[in-house]
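Open the model in your viewer and keep the selection panel at hand. The stops below go from the ligand site to the fold and then to some backbone details.

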Amino acid sequence: MVGSISISGVSKHFVNPTGERITALDNVSLDIPAGSFVSLIGPSGCGKSTLLRLISGLIPMDDGSLMLDGTPIKAPGADRGFMFQEHTLFPWLSIYDNIAFGLRARGIYKQEKDHVDEFIEMVGLKGFEHSYPHQLSGGMCQRASLARALVGKPKVLLLDEPLGALDAFTRMNMQDEILRIWKETGMTAIMVTHDVDEAVYLSDKVVVMTPRPGRITGTLDIKLARPRARSSEDFLHYRAEILRQLHYGGTIKEPNYYI
Ligand SMILES: Nc1ncnc2c1ncn2[C@@H]1O[C@H](COP(=O)(O)OP(=O)(O)OP(=O)(O)O)[C@@H](O)[C@H]1O
Ligand SMILES: [Mg+2]
C-alpha cells in the first residue's frame, strides 16, 4: 500500500501585516501509515490548515522533514487531493467542468472521463452537472469540492473541514460516504475537523493540537470496529477523552437530587 506520510520536527512561521512573527507550527512530528484515516482537531489558529498545506506542497516549511512514501515533499502533486476549508470552485465553470478540471490539466481526461460521472453520482450531484457554483447551496459546493479532490484517485486525500457547511443529517450521511470511498480506494485520509464525534466516528487516529505556538499535544488511537455506534459506551469513552485533552471535559458535580 502507498500513501504513508512522515512528519518530523516540522516548524512553520508567518509574519502578519503588523510585522508580528507567528509560530503556526512548532516542532510537529507525526507518522501516518499508508491507508489510515487520521483527524486533526484543535481550536482555531492551532495550525491545522497550515499542516495540510505543507503536506500538499502548496507552501514550504521552515524546518524539519516531510515525506510521502519516503520521498521529500517539495511541491504539489496529483498523488495528493486537497479539499480546501473554503470551497474553491471556479465560478465560471460548471460543476462538471470544475470536477474534470484537474484531469484536463493533466491531459488524462479522455481515459478517466467515466470517473467524473462516477464521483458526481457518489456525492449526490447527479442532475446538477451543468449548474454553476452560485446556483448551488453551500453544502452542494462542498460536495462538488470533495468530488474534485477524489476524481484523480490520489494516494493521499487532504480534507480541511470538508463537511462544515452541511446540516447535521447530511453530514452524517456524508461521513458514511467518505468512509466508503476511503475503504474502496485504500487512500490515506487526513482530515481537519472541529467535530469531536466526527473525529471518533471516522478515524483510526485523532491528533489533538493547541495554538500559540501550534503543537501536537496528544494522539489517540481509536480501536473500534467499523461501522461505529455513535452512542456506544466505547464511543463515548473516546469522545470524553478527546474533550478532556482539549480542556472541554467539564466537571462532574454531585447531583443535588436522586431518581
Ligand atoms: N498566510 C498567512 N500569513 C500570516 N499568518 C498566517 C497565514 N496562514 C496562517 N497564518 C496564521 O497561522 C496560524 C495557524 O493558522 P491555520 O490556518 O493553520 O489555523 P487553523 O488551525 O486551520 O484554524 P481554523 O480552525 O480557524 O481554520 C494562525 O495564527 C494564522 O493567523
Ligand atoms: Mg483552518
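Start with helix α1, which supplies 3 residues to the shell around ligand 1, the largest share. This is a predicted model, so read each stop as a description of a prediction.

**Stop 1: the shell around ligand 1**

Select ligand 1 and the residues around it. The shell holds 13 residues, and the closest are S44, G45, K48, S49 and T50. Colour the shell by class: 7 residues are polar, 4 are nonpolar and 2 are charged.

**Stop 2: polar contacts of the ligand**

Next select G47, where a polar backbone atom lies 3.0 Å from an oxygen atom of the ligand. Then go to H194, which places a polar side-chain atom 3.1 Å from an oxygen atom of ligand 1.

Two elements give two or more residues each to the shell: strand β2, residues 21–32, and helix α1, residues 48–56.

**Stop 3: the whole chain**

Along the principal axes, the C-alpha trace spans about 65 × 50 × 40 Å.

**Stop 4: N27 in strand β2**

Return to strand β2 and select N27, which is found in that strand. N27 is not a glycine, yet its phi is positive, at about 50°.

**Stop 5: two cis peptide bonds**

Where does P213 lie? Look in the loop between β9, residues 205–210, and β10, residues 215–221. Show the backbone atoms there: the peptide bond from R212 to P213 is cis, with omega near -5°.

Move on past β10 to P227, whose place is in the loop between β10 and α7, residues 233–245. Select R226 along with P227: a cis peptide bond joins the two, and omega is about 0°.

Methods
Residues numbered from 1 in each chain as written. Chains lettered and ligands numbered in written order. Predicted model: local features only at pLDDT ≥ 70, side-chain atom pairs only at ≥ 80, totals over all residues. Heavy atoms only, no water. Near = heavy atom within 4 Å. Polar contact = N/O pair within 3.5 Å; in protein donor to acceptor, adjacent residues only side chain to side chain. Helix = DSSP H or I, 4+ residues; strand = E, 2+ residues; numbered from the N terminus. Nonpolar A, V, L, I, M, F, W, Y, C, P; charged D, E, K, R; others polar.
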